[in-house]
Amino acid sequence: CLAAAVADLAGLLPRGSRQVDEDWLVRYRGWVYGLAFGAQLGVGVVTIVTSAATYAVLALCLLNGSTVAGLAIGAAFGLARAVPLLLLRRATTPDALRAVGGRLERLGSAAGRATTAVLAAAAVALVAAA
């Protein structure tokens with residue numbers, strides 16, 4: 001967690017740049033596109049990665065020693081990562097979608113700082129628990 005916080009602060013994050021293929025929107029049924037999009041986002045490291053927290057969570061899931069705890073950690077992270085999508089539920093026009101995108105862009109740096117703070121706090125908590 002500490003290494004991830006430092007990586008975020010120093011800009012050392014290996015960033016993925018792959019997104020779901022937009023051509024699928026017109027090539028496949030909506031549920032196929034939705035399933036593929038959700039699966040790729042759920043894996044976490046095959047699309048755009050914006051924070052080293054993704055890698056830290058993956059390490060925590062794999063190294064904690066418990067399958068159930070690993071699943072719980074991954075599920076909690078996935079849920080937290082999906083919450084911003086709830087902001088899109090009322091974006092039914094291109095202008096509304098752009099407005100939501102603009103709000104998310106404005107909140108991006110604050111969210112990044114909060115993520116780094118949470119990573120540092122998690123590192124302290126893990127050391128204290130050990």
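Student: What covers the buried residues of helix 3?

Tutor: The cover includes helix 2 (24-27). Please keep in mind that this is a predicted model.

Student: And which residues of helix 3 are the buried ones?

Tutor: They are Tyr33, Ala36 and Gln40.

Student: Why would residues a few places apart point the same way?

Tutor: An α-helix has 3.6 residues a turn, so residues three or four places apart point the same way.

Student: Which exposed residues sit on the face turned away from the buried side of helix 3?

Tutor: That face carries Gly30, Trp31, Leu35 and Gly42, which are exposed.

Student: How many residues does helix 3 have, and what distance does it reach?

Tutor: Helix 3 has 14 residues. From its first C-alpha to its last it reaches 20 Å, close to the 20 Å expected at 1.5 Å a residue.

Student: What about valine 43: buried or exposed?

Tutor: Valine 43, which is found in helix 3 (residues 30-43), has a relative accessibility of 54% and therefore counts as exposed. The cut-off for exposed is over 50%.

Student: Which residues make the nonpolar surface patch?

Tutor: Val43 is one of them, together with Val45, Val46, Leu58, Leu62 and Leu63. The patch is about 560 Å².

Student: Which helix gives the most to that patch?

Tutor: Helix 4 (residues 53-63) does, with three residues.

Student: Changing topic, how many salt bridges does the structure hold?

Tutor: The structure holds one salt bridge. Arginine 98 forms it with aspartate 95, and their closest N and O atoms are 3.3 Å apart.

Student: How are arginine 98 and aspartate 95 placed in helix 6?

Tutor: They are three residues apart in helix 6, so about one helical turn separates them.

Student: Is arginine 98 buried or exposed, and what about aspartate 95?

Tutor: Arginine 98 counts as exposed at 57% relative accessibility. Aspartate 95 is also exposed, with a relative accessible area of 55%.

Student: How far apart are glycine 108 and aspartate 8?

Tutor: In sequence, glycine 108 and aspartate 8 are 100 residues apart. In space they are 13 Å apart, C-alpha to C-alpha.

Notes: Residues are numbered from 1 along each chain as its sequence is written. This is a predicted model: local features need pLDDT of at least 70, side-chain atom pairs count only at pLDDT 80 or more; totals for chains, interfaces and linings use all residues. Side-chain values use heavy atoms; hydrogens and water are left out. Patches are made of residues with over 30% relative accessible area and no salt bridge: like charges are joined within 9 Å, nonpolar side chains (Val, Leu, Ile, Met, Phe, Trp, Tyr) within 5 Å. Accessible areas come from the Shrake-Rupley method with a 1.4 Å probe; for residues, only the protein chains shown count as cover. A salt bridge is a side-chain nitrogen of Lys or Arg within 4 Å of a carboxyl oxygen of Asp or Glu. Helices (H or I, at least four residues) and strands (E, at least two) are DSSP runs, numbered from the N terminus. Buried means under 20% relative accessible area, exposed over 50%, partly exposed in between (1.4 Å probe, protein chains only). The expected span of a helix is 1.5 Å times one less than its number of residues. Contact means heavy atoms within 4.5 Å.
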